[in-house]
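Subject: Structure for you to look through

Dear colleague,

Please read with the model open beside you.

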Amino acid sequence: MSTKTIIVTRPSGQSRQLIEVLTRAIEASGVGKRSLPEILSLPLLTIVPKSDEHLADHIASVLGDADLAVFVSPNAIESVMRLLERDWQDFSKKIIPIGVMGGSSHQALKNHGIGLEENPTPIFIPKKNEQWDSEGLWDELQSLQWDWQNKKVVIFKGEGGRDWLADTFIKAGATVEAISTYSRIPLDIDNPAWQLVREMDFRKSLWLLTSSEAVRYLGNVMKDQFTQNLSTASALCPHHNIADAAEMIGFGEVFTSEPGDEALVKSTLAWLTI
């Protein structure tokens, strides 16, 4: 196998996009001229949108009197828009503002024309990308100066996940409805992708980790199924919570980049020069 290996652990569709961007960046930079790195896809979790007709009706009903909608990820946006099959501004007599944590979610909204309407839907996103998380969004929402006791907030999320934001809204007095619109299914242990991991040199590997839940699953698989040790491998994480999870499962070296694919690619290129 080649000198260095980069393991992309996102769900398949998102993984393909990142690998394409990464491949172009490596070729353009020239860092891999002597030996191009191998890039493997190991989709630790698969996103499965819910397709329940009753769920679509429930979401439409809940949005009717909502004051704010929060999407925790691009997956939440895609699953909701697939369920509803209507324009965002059709769900209420008033325009419902939206809160998102990061740039990928903001782009996903634009892809559905949200925020680009004649009378644009207000979109709240943390101004600095190093604050692209629940805490950063909560700070950004303070600019509204709302009395949360009179507000209804709908949070669209996956099964499980962090409850920090919902708990914070509730503590502030808001009525919160958290709706799970997709599930995350772990990669089957018999999937051929694991065999490629078994064959690689962990000492020359960089794992791109973008989900704490995926990292915890990886830790369980490594403990139960592998003889190799992550202590010789490196991890690159776009958030300190993910970095903490990577350290917990035994990665020897854990790097943290700013959020967003651009920063992830830049940090990966830097690792290739080490």
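Aspartate 67 lies in the loop between α2 (53-63) and β4 (68-71), where helices and strands are DSSP runs numbered from the N terminus (helices are H or I with at least four residues, strands are E with at least two). Aspartate 67 is buried, with a relative accessible area of 14%; here buried means under 20% relative accessible area, exposed means over 50%, and partly exposed is in between, using a 1.4 Å probe and protein chains only. The side chain of aspartate 67 has a polar contact of 2.9 Å with the side chain of lysine 94, and this side chain also reaches the backbone nitrogen of lysine 152 at 2.8 Å. A polar contact is a pair of N or O atoms within 3.5 Å; within protein, one must be able to donate a hydrogen and the other to accept it, and residues adjacent in sequence count only if both atoms are side-chain atoms.

Before going further, please keep in mind that this is a predicted model, in which local features need pLDDT of at least 70 and side-chain atom pairs count only at pLDDT 80 or more, while totals for chains, interfaces and linings use all residues. Residues are numbered from 1 along each chain as its sequence is written, and side-chain values use heavy atoms, with hydrogens and water left out.

Next come the strands, which are said to pair if DSSP finds at least two bridges between them. Strand β4 belongs to an open sheet of six strands, in the order β3-β8-β7-β4-β5-β6 and with mixed pairing; its edge strands, β3 (45-49) and β6, each pair on one side only. Within this sheet, three bridges join β4 in the parallel sense to strand β5 (residues 98-100), and isoleucine 98 in β5 is the bridge partner of alanine 69.

Elsewhere, strand β10 (residues 234-237) has Ser234 and Leu236 pointing one way and Ala235 and Cys237 the other way, and all are buried. Strand β9 (residues 205-208) pairs with β10 in the parallel sense over three bridges, and the chain passes from β9 to β10 through helix α8 (residues 212-225) in a right-handed β-α-β crossover. Right-handed here means that, with the strands pointing away from the viewer, the path from the first strand over the helix to the second runs clockwise. Strand β10 also runs parallel to strand β11 (residues 253-256), with four bridges joining them, and the crossover from β10 through helix α9 (residues 240-248) to β11 is right-handed too. Leucine 236 stands opposite phenylalanine 255 in β11, while leucine 208 stands opposite leucine 236 in β10.

Helix α3 (residues 74-84) is mostly covered, since eight of its 11 residues are buried, among them Ile77, Val80 and Leu84. Just after α3, glutamate 85 takes a positive phi of about 50°.

Side chains of opposite charge can pair when their charged atoms come close. The structure holds seven salt bridges, a salt bridge being a side-chain nitrogen of Lys or Arg within 4 Å of a carboxyl oxygen of Asp or Glu. In one of them, aspartate 261 meets arginine 10 at 2.6 Å, N to O; aspartate 261 lies in helix α10 (residues 261-272) and arginine 10 in the loop between β1 (5-8) and α1 (12-29), so the pair ties together parts that are 251 residues apart in sequence. Aspartate 261 is partly exposed at 28%, whereas arginine 10 is buried at 13%. Another joins lysine 127 to glutamate 140, with the closest N and O atoms 2.8 Å apart; lysine 127 is exposed at 71%, but glutamate 140 is buried at 14%.

Lastly, ring pairs link Phe71, Trp88, Phe91 and Phe156 into a cluster, where rings of Phe, Tyr and Trp (its six-membered ring) pair if their centres lie within 6.5 Å, and planes under 30 degrees apart count as stacked, over 60 as edge-to-face and the rest as tilted. The count comes to 10 aromatic pairs.

With best wishes
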